Amino acid sequence: MLLDLGDLSVRSWRKSDLDALVRHANNPKIAANLRDQFPHPYRRRDGIDYLEFVREQVPERNFALQYAGEAIGGIGFQIGVDISRVSAEMGYWVSESYWGRGFATRAAQATSDWAFEKYKLTRVFALVFSGNLASIRVLEKAGFQREGILRRSAIKYGVVLDQLIFAKVR
Ligand SMILES: CC(C)(COP(=O)(O)OP(=O)(O)OC[C@H]1O[C@@H](n2cnc3c(N)ncnc32)[C@H](O)[C@@H]1OP(=O)(O)O)[C@@H](O)C(=O)NCCC(=O)NCCS
């Protein structure tokens, strides 16, 4: 997979991304806003396991964000099953070294648009902790609409949190 967004691209993960993946992902500020499945510390073994896992997926559902020849983040989808198979959840992260440059917005917009065709979806949605203002802004800028609040729907590091649900439909 390759989405060419000019200086930025969204592409399949490669085995050779391991060093960059571990360097950029090993950041508590990133892990704090993602599921517990995204570990902290992010060790080399986590990177190896992740790259093996994503490279075996059919169809491919997790991709690297590439800038200046290096993987600097990730974006991916969980596709629903049974009656929810037309619906997919999107998640993403960007290395702190590149925050505030519009990369997450561009990637979320282009990759969600691409996913509708690729996975035959009618809906792409994202769940975001209610305090994650940067990601809320990303979703608004990427064309997602806020649909509601899932009160006390998640627990992160022992704290119960509200999540906002954003979606784009076709
Ligand atoms: C959320 C994240 C992906 C944003 O990446 P990014 O490339 O910096 O995002 P963008 O540059 O496209 O947009 C960020 C927007 O949030 C705004 N923003 C950043 N911090 C903010 C804050 N504390 N309060 C309000 N707005 C904030 C920026 O100003 C920008 O908006 P603007 O263009 O209107 O000025 C990145 O911070 C990250 O990886 N965080 C950890 C993982 C995560 O939260 N993933 C999403 C889970 S739902």
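In which loop is the place of P59? In this predicted model, P59 has its place in the loop between α3 and β3, where a cis peptide bond joins P59 to V58 with omega at about -5°. The briefing below takes up the ligand and its shell, then the aromatic pairs, and finally the backbone features. The ligand is surrounded by 22 residues, and the structure as a whole holds nine aromatic pairs.

**Ligand contacts and shell**

- Among the 22 residues that surround the ligand, the closest are Y92, G100, T105, N132 and K141.
- Two or more residues of the shell around the ligand come from each of the elements β5 (87-94), α4 (103-119), β6 (123-129) and α5 (133-141), and α5 gives the largest share of the shell, with six residues.
- By residue class, the shell around the ligand is made up of 13 nonpolar, six polar and three charged residues.

**T105 and K141 in the shell**

- T105 and K141, both of which are listed with the closest residues to the ligand, are also joined to each other by a polar contact of 3.3 Å between their side chains.
- T105 is found in helix α4, and because its relative accessibility is 10%, below the 20% limit, T105 counts as buried.

**Aromatic pairs**

- Of the nine aromatic pairs in the structure, one is formed by F38 and W93, whose ring centres are 5.6 Å apart and whose planes meet at 65°, so that the pair is classed as edge-to-face.
- F63 is buried, with a relative accessible area of 0%, and ring pairs link F63, F77, W114 and Y119 into a cluster.
- A charged side chain also meets an aromatic ring in this model: R170 lies over the face of F116, at 4.4 Å from the ring centre.

- Most peptide bonds are trans, and most residues other than glycine have a negative phi.
- Besides the bond between V58 and P59, a cis peptide bond joins H40 and P41, with omega at about -5°.
- H40 lies in the loop between α2 and α3, and P41 is placed in the loop between α2 and α3 as well.
- H40 counts as partly exposed because its relative accessibility is 37%, which falls between the limits of 20% and 50%.
- From H40 to E56 the separation is 16 residues in sequence and 23 Å in space, taken from C-alpha to C-alpha.

**Positive phi outside glycine**

- D82, found in the loop between β4 (70-79) and β5, has a phi near 55°, which is a positive value in a residue other than glycine.
- D82 is exposed because its relative accessible area of 56% is over 50%.
- K120, which lies in the loop between α4 and β6, has a positive phi of about 55° although K120 is not a glycine.
- K120 counts as exposed, since its relative accessibility is 66%.

Key:
Residues numbered from 1 in each chain as written. Predicted model: local features only at pLDDT ≥ 70, side-chain atom pairs only at ≥ 80, totals over all residues. Heavy atoms only, no water. Near = heavy atom within 4 Å. Helix = DSSP H or I, 4+ residues; strand = E, 2+ residues; numbered from the N terminus. Nonpolar A, V, L, I, M, F, W, Y, C, P; charged D, E, K, R; others polar. Phe/Tyr/Trp six-rings, centres within 6.5 Å; stacked < 30°, edge-to-face > 60°. Buried < 20%, exposed > 50% of the residue type's maximum accessible area, 1.4 Å probe, protein only. Lys NZ or Arg CZ within 6 Å of the ring centre and 35° of its normal. Polar contact = N/O pair within 3.5 Å; in protein donor to acceptor, adjacent residues only side chain to side chain.
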